[in-house]
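This report is for a reader who is new to the structure.

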Amino acid sequence: MENINESILKNPIYEVRAGVLFFDGCNTVELAQKYGTPLYLMSETEIVRRIDELRKSFVEPYVGKTDCRIVYASKAFCTIAMMNICEREGISVDVVSGGELHTAKAAGFPADRIEFNGNNKTREEIESALLYGVGRFIVDGLSELKIIESVIADNPSITYHPKILFRITPGVTADTHDHLKTAKKDSKFGIPLAEEVFFPQIERAINSELVDYVGLHFHIGSQLFDVKPYLDALEIALEKVREIKERYGFVVSELNVGGGFGACYVDEDRKQFGYFLAPVVEKIIEFYDNVLGTDPPEISIEPGRSIVAEAGATLYTVGQTKDIPGGTKYISVDGGMGDNIRPSLYQAEYFSAIANKMDSPCDDTVTICGKNCESGDILIRNAQLPLASSGDILCTFSTGAYCYSMSSNYNGNLIPAVVLCSDGKDKLIVKRQTNDQLVQNQLPL
Ligand code: LLP
């Protein structure tokens, strides 16, 4: 594997000064001393740059033609501070549980810019979303629509008609890890397109007096690099749009094409947002013009990973090293699968560096392992690093998505703190969990 300096470090949020790694202008070794390790770092500069890139390739080019909306999929990194950034940047957020909704509420996030996704929302979650005034529900089936209607009917204080999109299962297969495919025909997500299932649900929603049915949603998978499956899924969705107009004279006014745009973890050649989005938007505009003969719909996307993955890094302290004669050289760090489950769950690959030895040659090949009692708790295999010693600060890159949000207390390890860095300034946005918090909900016999 290539030396880290050749790849991720090209991102201007990284700099090396006197052999030390700087992250968005902050000295990582000093951050490790100040806040302890393991420590998640997030770069505000990079998050804002990504949102800006999306705005430039997806929103601005279509002003005057149609409205394009960015909806951040908060599951990738869900914190109050991230909600604050999304609010400030004027984008919407997608939540998939009462907990993510609560985080948005705790941040005072505007309700009309929240979209509620998820394949099995509970009545309690739906009620709490409606009471807050959540703007859109991405409905996963008729039974969910019925719950929404019944909650509205039972609560005189809910006086608005939430916008409803149906999530459909277009039946396309994306080229990604099996766990990250979500649009196969036989999927737990979305409503199947078989005529006898699909149309009665659409008809019911169009005729509902309690909700404002507006459109269709699909999400084909995550960590994708090819636009073809998006276009295939879009074609299927547009065919449904045509049939809905033909059957009911109803023009779908909103299309949500999901997220899933790939991020760079090792040496992938990440695609610009325009690569995915320009052909999708153009196809929609052309279809509405030529086939439906109407104005285009509002188009939204739900990126998570592509906004935050590369904006994150994790710092660890190196502990034991073990050189197995004739075998592997292991470097143990003070975190692992509890703060980054992705290598064990999806065989995800990461790059790393020793933050205090950035000028040293990377002539050692090692396996970086965590401190959990699982032999699968390996963060990186065959990493090329300088000779590591106990006390060194190891940095893994591109950990901003699905690491903090999938962290766990397995083995009683504590969830690390998160520090937001911005142009040399550091701000604690999530405190490190404490041992007392670990047992706070537990009761003695
Ligand atoms: N919209 C929907 C309906 C989704 O299910 C997802 C991701 C997204 C948007 C955002 O996808 P993104 O742009 O972040 O790829 N834990 C896995 C990823 C699971 C993604 C689930 N859904 C991982 O660590 O790779």
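Two strands count as paired if DSSP finds at least two bridges between them. The model described here is predicted.

## The open sheet

With that rule, three strands form an open sheet in the order E1-E2-E3, and their pairing is antiparallel. E1 and strand E3 (26–27) stand at the edges and have a single partner strand each, so one side of each is left without a neighbour in the sheet.

Strand E1 (residues 14–17) is joined to strand E2 (residues 20–23) by four bridges. Tyr14 has Phe23 in E2 as its bridge partner. The two strands E1 and E2 form a hairpin with two residues between them, and Ala18 in the turn has a positive phi of about 50°. On the E3 side, E2 and E3 pair in the antiparallel sense over two bridges. Here Phe23 has Cys26 in E3 as its bridge partner.

Strands of a sheet pair through backbone hydrogen bonds, either parallel or antiparallel. In the barrel of this model the pairing is parallel: eight strands close up in the order E5-E6-E7-E8-E9-E10-E11-E12. From one strand to the next, the twist averages 30°.

## Helices on the strands

Helix H5 (residues 123–132) lies across strand E7 (114–116) and strand E8 (136–139). The direction of H5 is at about 160° to E7.

Helix H9 (residues 273–292) packs on the sheet, where it touches strand E5 (68–73), E11 and strand E12 (298–301). The direction of H9 makes about 155° with that of E12.

## The ligand site

Which residues come nearest to the ligand? Of the 18 residues around the ligand, they are Ser222, Glu302, Arg342, Tyr346 and Tyr402. By class, this shell has six nonpolar, seven polar and five charged residues.

Polar atoms of the protein face the ligand at several points. A polar side-chain atom of Glu302 lies 2.5 Å from a nitrogen atom of the ligand. At Gly304 a backbone N or O atom is 2.9 Å from an oxygen atom of the ligand. An N or O atom in the side chain of Lys75 is 3.5 Å from an oxygen atom of the ligand. On its own, the ligand has 580 Å² of accessible area, and the protein covers 91% of this.

Technical notes:
Residues are numbered from 1 along each chain as its sequence is written. This is a predicted model: local features need pLDDT of at least 70, side-chain atom pairs count only at pLDDT 80 or more; totals for chains, interfaces and linings use all residues. Side-chain values use heavy atoms; hydrogens and water are left out. A residue is near a molecule or strand if one of its heavy atoms lies within 4 Å of it. A polar contact is a pair of N or O atoms within 3.5 Å; within protein, one must be able to donate a hydrogen and the other to accept it, and residues adjacent in sequence count only if both atoms are side-chain atoms. Accessible areas come from the Shrake-Rupley method with a 1.4 Å probe; for residues, only the protein chains shown count as cover. Ala, Val, Leu, Ile, Met, Phe, Trp, Tyr, Cys and Pro count as nonpolar, Asp, Glu, Lys and Arg as charged, and the others, Gly among them, as polar. Axes are lines fitted to C-alpha atoms, for helices over the stretch in contact, and angles run from 0 to 180 degrees between N-to-C directions. Contact means heavy atoms within 4.5 Å.
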